[in-house]
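Good morning, everyone; please have a look at the structure on the screen while I take you through a few of its local details.

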Amino acid sequence: MIEERTTFTVDGFEVAAVITLPEGEQVMPCPAVFTAPGFAGVKEMLIPDYSADLAAGGVASLAFDYPGFGASAGDVRQHIDLPQQLRSFHAALDALARDPRIDSERIAVWGTSMSGGHAIAVAAADPRVKAVA
């Protein structure tokens, strides 16, 4: 598996993310899943184990910290702003859809805890999301 640190922008703030890719060019472009942590978490909690398993199965993943959490920029730290978190999910989807290593016709979203609710909302609002968990 290959892990790359990356960023994208939400509301003018740089959002820290990690994209995990399966090994080998023969799997590119590959399907992908994106997610963020649940209530007040960071991307290093729980998500890396899932990302490793997904990569072993040929699926890329993108995990990110919300603005103001973890390695992401933000004026107010640890503030839970639900609309901004949803905008972050949409921005993560945009970032994956632009990546030439990702099959933009096979993008899914998943979440745990509060991010599970975000996953459902994003999947309902954006037809680019082909699966939700």
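This is a predicted model: local features need pLDDT of at least 70, side-chain atom pairs count only at pLDDT 80 or more; totals for chains, interfaces and linings use all residues.

Residues are numbered from 1 along each chain as its sequence is written, and side-chain values use heavy atoms, with hydrogens and water left out.

Helices (H or I, at least four residues) and strands (E, at least two) are DSSP runs, numbered from the N terminus. In helix 1, which spans residues 47–56, Ile47, Ser51 and Ala55 are buried, where buried means under 20% relative accessible area, exposed over 50%, and partly exposed in between, with a 1.4 Å probe and protein chains only. These residues lie on the same side of helix 1 because they cover an arc of only 70° around the axis, the arc being that of the directions from the helix axis to the C-beta atoms. On the other side of helix 1, Asp49, Asp53 and Ala56 are exposed.

What covers the buried residues of helix 1? Strand 2 (13–21), strand 3 (30–35) and strand 4 (60–64) are included in that cover, with contact meaning heavy atoms within 4.5 Å. After helix 1 comes Gly58, with a positive phi near 85°.

Now to the loops. Leu46, in the loop between strand 3 and helix 1, is not a glycine, yet has a positive phi of about 70°; Leu46 is partly exposed, with a relative accessible area of 48%. Gln78, in the loop between strand 4 and helix 2 (82–98), is likewise not a glycine and has a positive phi of about 60°, and Gln78 counts as partly exposed at 48% relative accessibility.
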